[in-house]
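Subject: Structure handover

Hi,

Here is the structure I promised you. Please open it and keep it beside this email as you read.

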Amino acid sequence: MKTHNQFGGENGSYVNEALDSSTLDVRIPNEGEPHGGLKGSNEFILTDSKEQKCRLEDVKMWCRRRASSALSKKVLYKRLPILAWLPKYSSNDAMGDIVAGITVGLTVIPQALAYAGIAGLPAAYGLYGSFLGCFFYIFLGSCKDVPMGPSAISSLLTFQAAGGVWQKAVLLTLLTGIIELLMGIFGLGFLVDFVSGPVSSGFTSAVALIIATSQVKDVLGINAKGGTFISTWRSIFEEVHNTRPWDTVLGITCIAVLLIMKILATIKIGPNDEELKSSKHKIINKTLWLVGTARNAILVVICGAIGYSFQSSVVPFRLIGNVPAGLPAVQVPPFSIPGNETMEIPEQSFVEMVSEMGSGLIVIPLIALMETIAICKAFANGKPVDATQELIAIGVGNIANSFVQGFPGTGSLSRSAVFNASGVRTPMANIYTSLLVIFALQFFTPYFYFIPKATLAAIIIAAVIFMVEVKVVKPMWRTKKSDLIPGLGTFIACLALPLEIGILLGVGLNMVFILYHAARPKISAETLVSPAGTQYLIITPDRCLIFPSVDYVRNLVTKHSRKQNLPIVIDCSHVYGADYTAATVISLLTQDFAKKKQPLYFYNLKPSVCSVFEGLSPVDFVVYYREEKIDDLLREYKLKSVIESA
């Protein structure tokens, strides 16, 4: 049976009355088509594949357009940010960059030595990954506050993926860089959006505890191993009877000194107003800040001198040992492990090396992007951050680092804070940090031998303990308590399982929450009275109708219709999308109401969504756009019922 609605169409077709109130003349001679021939969005609409076939000429034209746009001046300036700031570079910029670069250099050298230990590699590899990436970031980096190099999180992920084998770590750097570069070229920076704030906080906090735990063995002077938080502590308890007292005393003392020196950087002498401070006040404040900022370097020098003083006798501390002098050789990253005579490292092919890295090949680039974007946003002062460009920059930096035996690096929040506080002006500051690392490799490596391991462990513990994001729990509890579940779930999973599995579980848990909210939209139901005095029930879903939610909405509409035998209006103002499943359910819903002879109308339904629903030609599918139209619809329905009963 054909049904005819208020707009003169048949089988569910209708004229979009929203177009009648438009000031534009949208009349089309072909009046037989729905909407007067106008077509809305094709979102969620299945179309004939023949209509979507692209001719070869169209493909060629598209390629030419992409090539011409890629070579445009705008894109060139976007992909080479140095072209934007270098022509305006001034002497004031140079002075600010020199001070910031040297200050960060004093921070990065002891950190790099310590981070190599987290990665399970000799100390020199931390320095190898701290100079060449900085140089490339000058040309490609879009944020002045990012110093390219090893970080605590990337070091731990490197250890879990490469197992402390330097060949695997260097190959991992190359592969990570290539993946990051490809992600940047294909504009996949948006992937970081799938890691929510609670998941990121849970991951970062867990990593901080894991890193601190991994350094407890060096503070105690024992040999302990473990791939996860729990296994590491189990190993520590098994070896605790071998604790070396002098290492423990030195490590605890260094942690206390570092925390005190950190406080020095925040002390301000004199009046609060900078203009009222005398030159003496400014000099003292600057000195306190510099001592607090360079605390790692100062402590390494002092403890190295203490270790050197015992060279003629028995050294009571465990030292980091020999560090090869000079710069690393520039060579192609190893694509296989030949194995040694003792079979301490078994022979492995390229495929075997990559297969053992597992999901670390994906997790490390994503975490590197997360770290870098977090830094850029923290110091961007509200300016937009180009995630694609940052992927390209750190990708090229890691590819370059792999040719000088560095392990994967990214931006570091602690070094970025020093950069910013030192008055950095442009990415050029990275070159001074790079030169300082090169200078240290060239002239100071013989003295690194005498640095106690407990000192480097103390530097790491004092740095990462502040990465535990306890401060976010209270705001999260106040805003949305359910966000604590994925955050806490990620935290526990990362402590109990390998990090890459923990972060994936956290993201998966967050997705479950998102899908649950999509499947359970909020529905409001309200009884209203039309201008003519007729009561009707209006039901308003707050989001789109797609397969997880549409059955839930149908059940609620049916439930409300049984409670109150009134005409039902579904307000679709917030329904911006639909799919085939939704169209099927809507068709069944209209059939149910037609059998019950209960009016069902759709209010303010978007044309693109309406096209999806019309695809199945639902029975008595009625849409209207003006509130006062409800009385006309009800009168027509009553008249139609009388005619049918007669």
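Start with helix α27 (residues 629–645), where D632 and K629 are three residues apart and so about one helical turn from each other. A helix here is a DSSP run of H or I with at least four residues, numbered from the N terminus. The side chains of D632 and K629 form a salt bridge, at 3.9 Å from N to O. That term means a side-chain nitrogen of Lys or Arg within 4 Å of a carboxyl oxygen of Asp or Glu. D632 is partly exposed, because its relative accessible area is 27%. The cut-offs are these: buried is under 20% relative accessible area, exposed is over 50%, and partly exposed lies in between (1.4 Å probe, protein chains only).

A word on the source: this is a predicted model, in which local features need pLDDT of at least 70 and side-chain atom pairs count only at pLDDT 80 or more, while totals for chains, interfaces and linings use all residues. Residues are numbered from 1 along each chain as its sequence is written, and side-chain values use heavy atoms, with hydrogens and water left out.

Now the other salt bridges. The count comes to 10. One of them joins D592 and R554, at 2.8 Å from N to O. D592 sits in helix α25 (residues 580–596) and R554 in helix α24 (residues 550–563), so this pair ties together parts that are 38 residues apart in sequence. D592 is partly exposed, at 27%.

Another salt bridge links D218 to K217, with the closest N and O atoms 3.5 Å apart. D218 counts as buried because its relative accessibility is 11%. K217 reaches 21%, so K217 counts as partly exposed.

Next, S402. Which helix holds S402? The answer is α16, residues 387–402. Is S402 buried or exposed? S402 is buried, because its relative accessibility is 0%. Leaving out residues up to four places away in sequence, S402 touches V170, T173, L174, Q331 and P333. Contact means heavy atoms within 4.5 Å. S402 and L174 are 228 residues apart along the chain, yet their C-alpha atoms are separated by 5.2 Å.

Last, helix α22 (residues 484–496). This helix has 13 residues and spans 18 Å from first C-alpha to last, close to the 18 Å expected at 1.5 Å a residue. The expected span is 1.5 Å times one less than the number of residues. Its buried residues are P486, G487, T490, A493, C494 and L495. They pack against α9 (197–220), α10 (229–239) and α23 (499–519).

Best wishes

Methods: Helices (H or I, at least four residues) and strands (E, at least two) are DSSP runs, numbered from the N terminus.
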